Amino acid sequence: MLAGENYNLSLDKEGNVWSWGAGLYGELGSTATNISTPTKINGLSNIKKIACGNNTSYAVTDKGEVYSFGLNANGEGGIRKLHK
């Protein structure tokens, strides 16, 4: 189990990711803002590693694909923001 600012992620033996807690920025992997019990994140499978930032979550598949979800205020989600 890993902890972000106000949420948790857990990875099971089958490669599924579970989340719970407060998810104001999508860091729970769903549109829910609060989940009180561990809930499987749909759409993620064959996950080998997970990580939590303050409000951003990460998952890496067995093929090395990286998924991020949550806050991307400063590019922490891997989506670069261009400043003018």
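This report describes the strands of a predicted model and how they pair.

Residues are numbered from 1 along each chain as its sequence is written, and side-chain values use heavy atoms, with hydrogens and water left out. Because the model is predicted, local features need pLDDT of at least 70 and side-chain atom pairs count only at pLDDT 80 or more, while totals for chains, interfaces and linings use all residues.

**The sheet**

Four strands form an open sheet in the order E1-E2-E3-E4, with antiparallel pairing. E1 and E4 (34–40) are the edge strands, each pairing on one side only. Strands here are DSSP runs (E, at least two residues), numbered from the N terminus. Two strands count as paired if DSSP finds at least two bridges between them.

**The pairs**

| Pair | Sense | Bridges |
|---|---|---|
| E1 (residues 2–3) and E2 (residues 7–11) | antiparallel | two bridges |
| E2 and E3 (residues 17–22) | antiparallel | five bridges |
| E3 and E4 | antiparallel | four bridges |

Leu 9 faces Ser 19 in E3 across the next pair. Ala 22 stands opposite Asn 34 in E4.

**The hairpins**

Three residues link E1 to E2 in a hairpin. E2 and E3 also form a hairpin, with five residues between them. Gly 15 lies in that turn and has a positive phi of about 85 degrees.

As a general point, side chains in a regular strand alternate between the two faces of the sheet.
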